[in-house]
Amino acid sequence: MTTEIQRLLRLDVWAVVGLSTNQARAAWDVARFLRSHGKRVVPVHPSSPFVHGEQGYASLATIPFPIDVADFFVRSSLVGALVDEALAIAVKGVWLQVGVVDTLAADRARAAGVDVVMDTCPKLEWAASGPR
């Protein structure tokens, strides 16, 4: 467990980038898990879906309230620009899901003072690192 994981799991408002209404996708299940643990989960997807009772937004930049964590379910090749968008809205944390790796984007986020978790899942980390 890292300190970054513990800090991010304590934060309340999570933008889940790549979250749609497709219940077969991992993003849908992880978002449901986060909600069951008291997190506000904001869908971010080009189609702006309404998911788990929360209005979706087409991009991080269009969310009209503060976001604590940007959680990315996207291809690694796309995440760099999305991390930059997350930094522009002053997130406190960036979470790159299992298989999502971009060390340059992670380095930019850390240099901006943002906690970064890469290549793992909050649902997997909760038992060991979740808030007590």
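Predicted model: local features only at pLDDT ≥ 70, side-chain atom pairs only at ≥ 80, totals over all residues.
Arginine 7 has 39% relative accessibility, so it counts as partly exposed. Its side chain meets the side chain of aspartate 115 in a salt bridge, 2.7 Å from N to O. Where do arginine 7 and aspartate 115 lie? Arginine 7 belongs to helix H1 (residues 3–9) and aspartate 115 to strand S5 (residues 115–118), so the pair ties together parts that are 108 residues apart in sequence. Aspartate 115 is buried, at 15% relative accessible area. The cut-off for buried is under 20%, so 15% falls inside it.

Now look at helix H2 (residues 26–36), which holds both arginine 32 and aspartate 29. Their side chains meet in a salt bridge at 2.6 Å, N to O. The two residues are three apart, so about one helical turn separates them. Arginine 32 is partly exposed, with a relative accessible area of 44%. Aspartate 29 is partly exposed too, with a value of 22%.

Move on to helix H4 (residues 103–111). There, arginine 110 and aspartate 107 sit three residues apart, about one turn of the helix. Their side chains form a salt bridge of 4.0 Å, N to O. Arginine 110 is partly exposed at 42% relative accessible area. Aspartate 107 is partly exposed at 45%. Which residues do salt bridges with shared partners join into one network? They are Asp29, Arg32 and Lys123.

Rings come next. The structure holds three aromatic pairs. One of them joins tryptophan 14 and tryptophan 95. Their ring centres are 5.8 Å apart, and the planes make an angle of 45 degrees, a tilted arrangement. This pair links distant parts of the chain. Tryptophan 14 is in strand S1 (residues 13–17), while tryptophan 95 is in strand S4 (residues 93–96), 81 residues away. Are these two tryptophans buried or exposed? Both tryptophan 14 and tryptophan 95 are buried.

Tyrosine 57 and phenylalanine 65 form another aromatic pair, this one edge-to-face. The centres lie 6.1 Å apart, with 80 degrees between the planes. Tyrosine 57 is buried, with a relative accessible area of 16%.

Methods: Residues numbered from 1 in each chain as written. Heavy atoms only, no water. Helix = DSSP H or I, 4+ residues; strand = E, 2+ residues; numbered from the N terminus. Buried < 20%, exposed > 50% of the residue type's maximum accessible area, 1.4 Å probe, protein only. Phe/Tyr/Trp six-rings, centres within 6.5 Å; stacked < 30°, edge-to-face > 60°.
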